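Have a go at each one before you read its solution.

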Amino acid sequence: MTAIQQPAAPSPAPGGTGHRGPRRSVLFFAFAFAVIADPVSSVAYAIEAALRALHGDLALLLPTMSLVVGLVVVVTANYWQLVRRFPKGGGAAAAAGRAFGPRWTFVPIGALVVDFVLTIGISIAAAASAVIALFPAAAPLRIPLALLLLLAVAGLTWFGHGGRLLFAVMTVLFIAVCMAVLVRGFVSPHAVGAAPTSTDPGRSAALAVVLAFPVAMALATGIEAPSTAIAQLGQLDDTHRRRFGRGTLALLLVIVGGLTIALTALAVRLHIDIPCKDSTQIADIAHAATGSGWLYEAFQLTSSLLLLAAASSSFQAGPGLLKALAGTADQPGVLPSALGRTNRHHTPYWSVLVYLAAAAVIIVAASGEEQELVLFYAVAVFVSFLVGLLAMTRFARTESNPTLAWLNGAAAVAVAFTLLVNLLRGWPVLSIAATLAIAGAFYLRWVRAGRPSGIEDVKARAEAD
């Protein structure tokens, strides 16, 4: 088989770390808080998605989001294992290829392509909603505003990965402002809403929660990122990449889980109902907690910037994946070589345009409403989660570790159930169809290219490059 060339990683310094003391701390800060921008930003729409699925029943909101966070813990535990097994990166794609054969690599790859497009679209739409909640007069311009933000983020991608530290700062700023809003809301809220705590769901409370929580599993998107992004840390040895990856996963779990439960509890305490068309639930929570002063404005500003950072992160990771799959003049690849052409900032500009066009289409199709896209969001990435869990189950069985095999198998069942409930809603089937179509197309091109070896490591190469 033809070999796919791998980019040379920077040589580690003596001892394999290349960083000591404060320098390594700054590197971890920039890496970890930039990587978790996506899952942290999903707090802006996941809680509202659950409340809508519950038809406004606030009494069931906290149990629903607790179940969501519990499943996030399960998925994170699997990626904790993946980081240990694949310290050079690769995530579910590497695990699937090595557990079941290289052809299975394309299933999580197809899922990631769809996930990147949806992350861009929903993050941009949610950022536009945050702006509109602050400036309601902009509501008639929702779609043009979203497209303008999309173009701005895509334009910044032209300058490469230099914004990672900026993304980290945006994440920290949002967390700090969110904490201030939570403290104000629990200690001395500005106002309390009029929404009833409980309504008649027309079915058992347990069934209502079970049917609602999969919609809010948008909160789990981005969990894959640490297991693949560690490939960027070529200056570190395997031990320190594992520490960075696992430290980021732990940080993600604490921050995302903590903010989700706290904001949900505050929404219930302040009786925040499903928002009106020109607002969002998270904006209504902040307004009820703080009023319309500077803290509310800071909350809306930092949340919109965080959402744009999440979109920008996918604008880098998605085209980077296509670049890694693309061929060159000297080496055949899975995709046309044009998708691998870069500018002087190493940005694959044709691949960026592909994602720009795809994201623009779904933003327009959803009328710029992020809640319309949430239904599709947690579907494709759950295919990647499921494949990764099945791969880790197989590894555990091969290594005669029945306890780990049972735990991973049980987690796979939970993820499969979540995926199934979302698919039963109807339209999310389109996400699965797109995932399988992309995976199939990539596989056929791989076969025609002579089945080049090393395809299992394509995601790691995309990050390392």
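Two exercises follow, each with a worked solution.

This is a predicted model, so local features need pLDDT of at least 70 and side-chain atom pairs count only at pLDDT 80 or more, while totals for chains, interfaces and linings use all residues. Residues are numbered from 1 along each chain as its sequence is written, and side-chain values use heavy atoms, with hydrogens and water left out.

**Exercise 1.** Work out how α12 and α13 pack against each other.

*Solution.* Start with the axes: those of α12 (residues 281–290) and α13 (residues 294–325) come within 9 Å and cross at roughly 160°. That makes α12 roughly antiparallel to α13 (the label for angles over 145 degrees). Next, look at handedness: the crossing of α12 past α13 is right-handed. Now pick out the contacts (heavy atoms within 4.5 Å). From α12, Ile282, Ala283, Ala286, His287 and Thr290 meet Leu295, Tyr296, Phe299 and Gln300 of α13. Finally, sort them by class: the contact of α12 with α13 has six nonpolar residues, three polar ones and no charged ones.

**Exercise 2.** Compare the cover of helix α3 with that of histidine 55.

*Solution.* First, take α3 (residues 43–53): ten of its eleven residues are buried (under 20% relative accessible area). Among them are Tyr45, Ile47, Glu48 and Leu51. Then step just past α3 to histidine 55, which takes a positive phi of about 60°. Histidine 55 sits in the loop between α3 and α4 (61–85). With a relative accessible area of 58%, histidine 55 is exposed (the cut-off is over 50%). Last, check across the chain: the C-alpha atoms of histidine 55 and isoleucine 274 are separated by 8.3 Å, though the two are 219 residues apart along the chain.

Conventions
Axes are lines fitted to C-alpha atoms, for helices over the stretch in contact, and angles run from 0 to 180 degrees between N-to-C directions. Helices (H or I, at least four residues) and strands (E, at least two) are DSSP runs, numbered from the N terminus. Angles under 35 degrees count as roughly parallel, over 145 as roughly antiparallel, 65 to 115 as roughly perpendicular and the rest as oblique. A crossing is left-handed if the near helix is turned anticlockwise from the far one by less than a right angle, and right-handed if clockwise. Ala, Val, Leu, Ile, Met, Phe, Trp, Tyr, Cys and Pro count as nonpolar, Asp, Glu, Lys and Arg as charged, and the others, Gly among them, as polar. Buried means under 20% relative accessible area, exposed over 50%, partly exposed in between (1.4 Å probe, protein chains only).
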